[in-house]
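These are my notebook entries on a structure that is new to me. I set down what I looked up, one topic at a time.

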Amino acid sequence: MAVVFVRPKRPKLARDPWAIQFDGDGHLKHLLTIEGLGPEWVTRILDTAESFLSVTGRDVKKVPLLRGRTVVNLFFESSTRTRTTFELAAKRLSADVLNLNISTSATTKGESLLDTLHNIQAMQADMFVVRHDMSGAAHFIARNVEPHVSVLNAGDGWHAHPTQALLDVFTIRKMKGEFAPLRVAIVGDILHSRVARSQIHALNTLSTGEVRVIAPRTLLPTQVEKLGVRVFHDMRAGLKDVDVIIMLRLQRERMEGALLPSEDEFFRLYGLTPEKLAWAKPDAIVMHPGPANRGVEIDSEVADGPQSVILQQVSNGIAVRMAVMSLCMSGREE
Amino acid sequence: MNDIMNQTYFAQGLDIDHLKPPEGCRPGIDCERWIIRGARVIDPASGQDAITDVFIDKAGIVAVGQAPVDFVSDNIMNAEGLWLIPGLIDSWARLREPGQEHKATIASEARAAVAAGITTVCIPPDTDPVIDTPAVVRLIKRRAQLAGGARVLSIGALTQNLEGKRLAEMVDLKEAGCVAVSNLLKPLENLAVMRRAMEYAATFDMLVIVQPQDRALARGGCAHEGAIASRLGLPGIPVAAETAAMAQVLALVEETGARVHFANLSSARAAQMLEQARREGLPVSGGVSAHQLFLSEMDTDAFDANCHVIPPLRSLRDRDALLDAVARGVIEVIHSDHQPHERDAKTEPFPEAAPGISALETLLPLALRLAETGAVGLHDALHRITAGPARLLRLKAGGIAPGLRADLCLYNPQSAWTLETQHMLSHGKNTPFIGWDFNGQITHTWVAGRLVYRQRIGSAPGLA
């Protein structure tokens, strides 16, 4: 009996997991992850951010690009810093901003994330800025919003924090210029860090010479090298010839999960002190996505020292978020 | 369980396809008589594969080939061009009743099962109430009889209320009809409880079904700990969660001699351990869900909540090793691990979406696809869903030979279709196989000699 083997039609979803970020014309619509953007879009975002930096320096700090638009900051996980910079960015683009802090307890009361979403959508929002403690939440929301709504991922679980990574590469570009000759080291809790994952993708998208991660194995995801990084467990070897050092925040609860013996031992091995900083290139810059745990992953002398660009990161953050918001909204008709 | 042949399952059954019983026949008791003519009869238990006739009487198969003397038929089915295969035995499927009827009911799922060629479904004990007393077993049996679809068999709890502390009344459960006992993924208080439970089960020759997964190693995880989960930032479940738990149980099998079936295997290493244990002569066997043979961690890449399953979809290497183990008979059973969910349970971000796939309706199509791709021989593929589980559960079914129960289905191998949500009979529409094309469909299903499902001509699969 003849059997015809029909190849399975694969669901659209699996074909290109990042295609959802673009509309039918190939224009950026949602920013969920750095993956899939490619160097063109990353560069375009950085260039646009550059033009907004001048706005930040003016007396009247507003441009009318998003006038009449409503941006909803939808934060399911508390955050003051990120939410504030998104809010400022939206306001400088003349958008109306609504801040909603939804404790996850509200969603466990029976209202599903989808219900919450539909309710807010009914308020004629044009853009959701979403932070959620579950990896994939931003994708989920982007898949379930009405077609006219853009979704910006402001951090989902351990997965991605693309605007943070963009402002980091923006800061690196301003300080160092080209990426190809650079060695960048990311130090600390990579396993639980959405920032690190997005930074690795952003740096590799821009063809950075070498991206390194430095951490004990308990703080590294399985097969982390497949993300395109060189793995070090030792600071002296890892920081050698490095141009950029990115320190990550270490959450205290990591001690309880038996991932680390103590803060003291972590600081002794991986905390960035002036002595360890000296192992990197003399002109290396020090970055931190904030908020820093002084004395746990970074010494105050380094955080406040001449090589630190931590505060520049914060101010660049507004320009980068303005760039992302305006680009995501510019693809649509008036 | 010894005399299943004479049990009647549809005494008051609703006839799901509105087929009138033949005249002068007490429905479900001494009828129906059937001659199934001219089908390609495939009996994976014996390896027989020929175009012949099959004769059914008194709920059983009375002859293959030659009609018995004085056989008078009430019904003749002309089945030329079709395959007659044993009804499938799904050894691990949740029907959600009692306790979670908003997800599915015994009636909805037993009906979906027969439309997909499954004539026996074994349900794990994590119902509400838990299957740890004969009363619950009887309730389930009664509901299934009323539903009139597939036969539903219970798997009893290994410990009371699945709490892992005190043994469940296994003998009572066995006498009430439970085919095995299991504690699912629920942890036992310690290994001593597991040892005693296995010893007690072995005393009464009960099969213990184990889903090997160490609770602490798997805690918080929702995806295979590998490159994809690392990239997506999904908390991982390492392979060691499965192999460490399996190693502990294997050590206790050596000690107690209990019959153990490892359900839901997911890794290459587990298949290897199973093979080794079997080679050493331990009384262990293995089962795998059909989806584990087709999907891998790659399919979780877009946070598709329908691919959130426990144990997780692992690497391509694991998938291929499982396929190989199925092909070589190291793994004797393919089950559906059917877990129907309401829509809301899956419309959540990946880690929060309820795990599981609605899988009854893809069990046979996927098993046959294994044969179509050449990964597994046709007879072997059918064996894993019929004779394999029948042998495991000691059921007088799963084959086509005189003396066996007449659980049969006719399959049209040239009837292409596409899995669509709206055509699914299960209440759960949660499956990543939507949009997949398959080559053939079940046209008729008999349970204990009674035609319980007939595909409407020109209709989509399952639409009755």
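The model is predicted, and local features need pLDDT of at least 70, side-chain atom pairs count only at pLDDT 80 or more, while totals for chains, interfaces and linings use all residues. Residues are numbered from 1 along each chain as its sequence is written, and chains are lettered from A and ligands numbered from 1 in the order in which they are written.

**Entry 1: P349(B)**

I asked which residues P349(B) is in contact with, leaving aside its neighbours within four places in sequence. I found L113(A), H132(A), M134(A), G136(A), A137(A) and F140(A). I located P349(B) in the loop between helix 10 (343-346) and helix 11 (360-372) of chain B. Helices (H or I, at least four residues) and strands (E, at least two) are DSSP runs, numbered from the N terminus. A residue is buried if 20 or more other C-beta atoms lie within 10 Å of its own, exposed if 12 or fewer, and partly exposed in between. P349(B) counts as buried because it has 24 C-beta neighbours inside 10 Å. I also noted A305(B), which is 44 residues from P349(B) in sequence and 7.1 Å from it in space, C-alpha to C-alpha.

**Entry 2: the sheet of chain A**

I looked up the strand order in chain A and found an open sheet of four strands, 2-1-3-4, with parallel pairing. Two strands pair if DSSP finds at least two bridges between them. Strand 2 (96-101) and strand 4 of chain A stand at the edges with a single partner strand each, so one side of each has no neighbour in the sheet. The twist averages 15 degrees from one strand to the next; angles run from 0 to 180 degrees between N-to-C directions, and axes are lines fitted to C-alpha atoms, for helices over the stretch in contact.

Strand 1 (residues 70-75) and strand 3 of chain A pair in the parallel sense over five bridges. I found R131(A) in strand 3 of chain A as the bridge partner of F75(A). Helix 13 of chain A packs on the sheet and touches strand 3 and strand 4 of chain A, its direction making about 145 degrees with that of strand 4 of chain A.

**Entry 3: strand 4 of chain A**

Is strand 4 (residues 150-156) of chain A largely enclosed or left open? I found that seven of its seven residues are buried, so strand 4 of chain A is largely enclosed by the rest of the structure. Five bridges join strand 4 of chain A to strand 3 (residues 127-132) of chain A, and the two run parallel. S150(A) in strand 4 of chain A is the bridge partner of M127(A). I followed the chain from strand 3 through helix 6 (residues 137-144) to strand 4 of chain A and noted a right-handed β-α-β crossover. Right-handed means that, with the strands pointing away from the viewer, the path from the first strand over the helix to the second runs clockwise.

**Entry 4: the domains of chain A**

Domain bounds come from an automatic or database domain assignment. For chain A the assignment gives domain 1 (21-160 + 315-330) and domain 2 (162-309). I noted 26 residues of domain 1 of chain A in contact with 20 residues of domain 2 of chain A. On the side of domain 1 that touches domain 2, helix 2 (38-57), strand 4 and helix 13 (310-330) of chain A each supply at least two residues. Helix 2 of chain A gives the largest share of that side, six residues.

How values were computed
Contact = placed C-beta atoms within 7 Å.
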